Amino acid sequence: MARDVMSVRLGLPQIRVVGVVVDAPERLVVRVASTVRRPKCPHCGMPSSRRHDRRDNKVRDLEVSGRPVTLVWERRRMVCDPCGGRRFCEDHPAFEGRHTARLARRVVADAQAMTVNAAACGHRLGWDAVNSLVVAWAGLVARHRRRRRCRVLLVDETSIRKRHRYVTVLVNGDTGEVLAMVPHPNAQALSGFLASQGHKWCKGVKVVVSDGSAAYKTAIEQRLGHARHVLDRFHVIRWFAAGLTAVRRDVQRRPEGEKPRFDPEVFRARFLLMRRPDTLDDAERARLDSLFAAHPRLKAAWDALGELHGLYLAKDRKGALAALDRFADIYRTGLIPEFSDVVDTFLAWHEQILGWHRAGRPSNGRIDRTNNLLQVLRRKAHGFTNYTNFEARGILLT
Ligand SMILES: [Zn+2]
């Protein structure tokens with residue numbers, strides 16, 4: 001009777017309590033066994049009723065009112081006749097290695113909310129035990145995610161420690177889920193991931209969004225030649241803005257020896273200049289106008305950047321091309337030679353920049369969100385030294 005009550009309290013399906021070994025205030029040890037009559041052979045799948053012997057496996061379970069619980073599982077070794085008398089250990093869905101499945105899930109959830117260290121303390125487990133549970137669970141999640149079709153693939157890089165060792169982050173653009181984090185931000189790393197995903201999965205990718213790294217471009221051309229490759233618009237806007245910054249620096253410069261070394265009015269307006277025209281109020285507008293009256297080159301650069309923004313603000317490719325024409329008109333005046341780098345970059349990447357409209361105007365917004373989460377995670381953990389651990393935590397974050 002007591003044993004049945006204990007089985008009910010344990011609440012593990014297909015597990016019966018054989019007896020209570022230790023029932024002390026500081027710990028509870030319970031001997032249990034599977035109620036499955038004929039465990040299936042993992043090799044042929046046939047059930048077997050021939051028992052060879054039995055071994056005790058210690059399994060940690062959830063605490064009961066602050067008391068650690070250990071189960072001693074009488075694990076049977078069976079003989080499989082169809083496999084020519086081969087022996088096998090039975091498996092049970094309630095157990096995952098040296099922990100019950102429910103403890104593993106709780107620990108993983110806690111490790112996500114806190115840190116691995118905090119979860120280890122909370123459950124009175126070792127750091128390694130908790131970490132391997134997290135890594136194993138993340139592996140399952142990742143495998144499941146990578147099997148599903150990914151229409152929009154986002155590729156970006158992030159650092160594992162601050163400005164230290166980079167990893168390539170791959171995100172499903174439709175769901176925002178991290179698919180993988182590959183060591184090194186280079187072509188081989190990305191190529192390796194795409195190769196491991198197989199031909200069919202790659203065929204399913206219709207749009208790839210990446211930053212303007214040549215390494216990614218190579219890998220994408222090799223493996224995802226059929227997909228539309230688009231540059232992340234925030235990276236592109238940053239390139240464009242560099243043109244205005246170069247002009248501003250030149251305009252604000254004072255002759256040698258003069259103090260302050262730059263024209264303070266121009267220098268102070270550096271953040272204002274970077275704002276989008278439609279977000280400015282009247283006072284800010286007036287401030288810019290008086291600056292532009294004194295420095296026509298600054299005005300030309302600002303207008304030029306505005307047209308480049310127009311590439312993305314346009315409703316379609318036609319509108320984008322019109323904005324590009326207007327930019328070319330300003331550039332041709334020769335007032336802003338500093339934009340030559342911008343023009344070169346644009347020429348090198350025009351397909352990936354202009355393709356944005358036809359690709360359904362995707363953005364790396366999701367990956368930026370993921371990146372922010374990863375930075376927070378990295379800070380909480382005081383940096384990662386191990387790629388596997390970082391990837392596991394990153395996968396479970398999204
Ligand atoms: Zn068998």
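Is His235 buried, exposed or partly exposed? Let's start there. His235 has 18 C-beta neighbours inside 10 Å, so His235 counts as partly exposed. And before I go on, please keep in mind that this is a predicted model.

So where is His235? This histidine sits in helix H8, which covers residues 233-252. Setting aside the residues within four places in sequence, His235 has contacts with Asp211 and Gly212. Here's a distance you can check on the screen: Arg253 is 18 residues from His235 along the chain, and their C-alpha atoms are 27 Å apart.

Okay, on to how helices pack. In general, we describe two packed helices by the angle between their axes and the distance between the axes.

First up, H2 and H4. H2 is residues 101-113, and H4 is residues 127-147. Their axes are 9 Å apart, and the packing angle is about 95°. That makes H2 roughly perpendicular to H4. Who makes the contact? From H2 you have Ala104, Val107, Val108 and Ala111, and from H4 you have Val130, Leu133, Val134 and Trp137. By class, that contact of H2 with H4 is eight nonpolar residues, with no polar and no charged ones.

H4 has another partner, H16, which is residues 387-397. The axes of H4 and H16 come within 9 Å and cross at roughly 60°. H4 and H16 are therefore oblique to each other, and their crossing is left-handed. On the H4 side you'll find Asn131, Val134, Val135, Ala138, Val141 and Ala142, and they meet Thr388, Asn389, Ala392, Arg393, Ile395 and Leu396 of H16. The classes in the contact of H4 with H16 are eight nonpolar, three polar and one charged.

Which residues does Val134 touch, leaving aside its neighbours within four places in sequence? They are Val108, Ala111, Val116, Ala392 and Arg393.

H12 passes H13 in a left-handed crossing. On the H12 side, Ala300, Asp303, Ala304, Glu307, Leu308, Gly310 and Leu311 take part, and on the H13 side, Ala320, Ala323, Leu324, Arg326, Phe327, Ile330 and Tyr331. That contact of H12 with H13 holds ten nonpolar residues, one polar and three charged.

Now a few single residues. His99 is in strand S7, residues 99-100. Why does His99 count as buried? Because His99 has 23 C-beta neighbours inside 10 Å, and the cut-off for buried is 20 or more. Not counting residues up to four places away in sequence, His99 touches Val59, Arg60, Ala104 and Leu133. Going from His99 to Leu125 takes 26 residues in sequence, and the C-alpha atoms are 10 Å apart in space.

Next, Arg369, which is in helix H15. With 13 C-beta neighbours inside 10 Å, Arg369 counts as partly exposed. Arg369 is 193 residues from Gly176 in sequence, and yet the C-alpha to C-alpha distance is 8.7 Å.

Last stop, the loops. Gln14 is not a glycine, but it has a positive phi of about 60°. Gln14 lies in the loop between helix H1 and strand S1, and it is exposed, with 11 other C-beta atoms within 10 Å. Arg361 isn't a glycine either, and its phi is positive too, about 50°. You'll find Arg361 in the loop between helix H14 and helix H15. With 12 C-beta neighbours inside 10 Å, Arg361 counts as exposed.

That's the tour, thanks.

Note on methods
Residues numbered from 1 in each chain as written. Predicted model: local features only at pLDDT ≥ 70, side-chain atom pairs only at ≥ 80, totals over all residues. Axes fitted to C-alpha atoms, helices over the stretch in contact; angles between N-to-C directions. Helix = DSSP H or I, 4+ residues; strand = E, 2+ residues; numbered from the N terminus. Parallel < 35°, antiparallel > 145°, perpendicular 65-115°, else oblique. Left-handed = near helix turned anticlockwise from the far one by under 90°. Contact = placed C-beta atoms within 7 Å. Nonpolar A, V, L, I, M, F, W, Y, C, P; charged D, E, K, R; others polar.
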